[in-house]
Amino acid sequence: LTWSNGLPAYEDDTYTSVIGIDVSSHQKSIDWAAVKNSGVKFAMIQVGYRGYATGALMDDAYFEENIQGAIENGIDVGVYFFSQAVSAEEARAEADFVLERVKKYKLQLPIVFDLEEVSNAKDRVESTTSEERTQAAVTFMNHIKNAGYQAMVYSSSQLFETVFEINYLHDYDFWVADSSAPNFSYHFSIWQYTDAGTVDGISTNVDMNIMFIKK
């Protein structure tokens with residue numbers, strides 16, 4: 001891994017890399033042409049979330065604007081859903097919610113199951129076991145895969161093995177968050193290396209990612 005101008009790059013005989021961002025309504029309106037010109041090659045866009053208190057399925061208010069803006073500017077797109085599923089049934093409902101919203105777009109990148117602990121609040125998944133959370137992730141990703149899309153799971157490298165029974169997730173791609181090079185014993189395709197990046201065209205801090213691509 002080499003760094004220049006604060007951006008990582010990876011190159012060996014088998015892999016190369018590209019830089020990307022992940023965004024949600026938190027970033028408000030984005031100038032996607034400026035993002036493209038800054039060298040960003042891909043964007044993971046939040047399509048929606050399940051409320052951690054209410055359990056309601058919610059649209060991300062900026063999803064349509066973001067995915068259209070990214071696509072129009074030639075940026076590869078994938079989407080993620082912030083899950084708070086406490087059962088396989090809920091996970092399947094989340095997958096259906098996502099599939100309904102992405103069907104009119106061409107995704108180059110996976111649909112991601114994003115399960116995180118909500119800090120400073122009581123969330124729905126706190127009371128679930130790692131087996132239940134794993135079952136939710138697998139149910140979501142299988143449903144996505146069966147619909148013809150790539151599926152991926154996101155977590156921090158510290159939490160992956162406590163949130164999930166990781167042995168059951170090896171059929172899927174991993175997207176790992178870590179502020180230093182991930183100490184992670186499994187293959188991962190995307191590394192989210194900071195949540196405090198700055199990119200032209202985005203008025204807030206933004207999560208920055210590097211994706212490893214087989215040559």
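Which strand gives the most to the lining of the largest pocket? Select β10, which contributes four residues to that lining. The model shown is a predicted one.

**The largest pocket**

Next, display the pocket itself, which holds about 790 Å³ of space. Of the 31 residues that line it, select Asp22, Asp114, Glu116, Tyr154 and Asp207, as these lie nearest its centre. Then colour the strands β3, β4, β6, β7 (111-115), β8 (151-156), β9 (173-177), β10 (190-197) and β11 (206-214); each supplies at least two residues of the lining. Coloured by class, the lining shows 12 nonpolar, 12 polar and seven charged residues.

**The second largest pocket**

Move to the second largest pocket, with a volume of about 200 Å³. Select Leu7, Ser38, Thr198, Val199 and Met208, which lie nearest its centre among the 14 lining residues. Here, too, β10 gives the most to the lining, with three residues. By class, this lining comprises six nonpolar residues, seven polar and one charged.

**Helix α2**

Now select helix α2, residues 63-72, and highlight its buried residues: Phe63, Asn66, Ile67, Gly69 and Ala70. These residues lie on the same side of α2, because they cover an arc of only 165° around the axis. To see what the buried residues of α2 pack against, show β3 (15-23), α1 (32-37), β4 (42-50), β6 (76-83) and α3 (88-102). Finally, step just past the end of α2 to Gly74, where the backbone takes a positive phi of about 70°.

Key:
Residues numbered from 1 in each chain as written. Predicted model: local features only at pLDDT ≥ 70, side-chain atom pairs only at ≥ 80, totals over all residues. Heavy atoms only, no water. Buried < 20%, exposed > 50% of the residue type's maximum accessible area, 1.4 Å probe, protein only. Arc of directions from axis to C-beta. Contact = heavy atoms within 4.5 Å. 1 Å grid on protein atoms, 1.4 Å probe; cavity = no way out; pocket = protein on both sides within 12 Å on 5 of 7 lines; lining within 4 Å. Points joined across faces, edges and corners; volume = space filled by probe spheres on them. Nonpolar A, V, L, I, M, F, W, Y, C, P; charged D, E, K, R; others polar.
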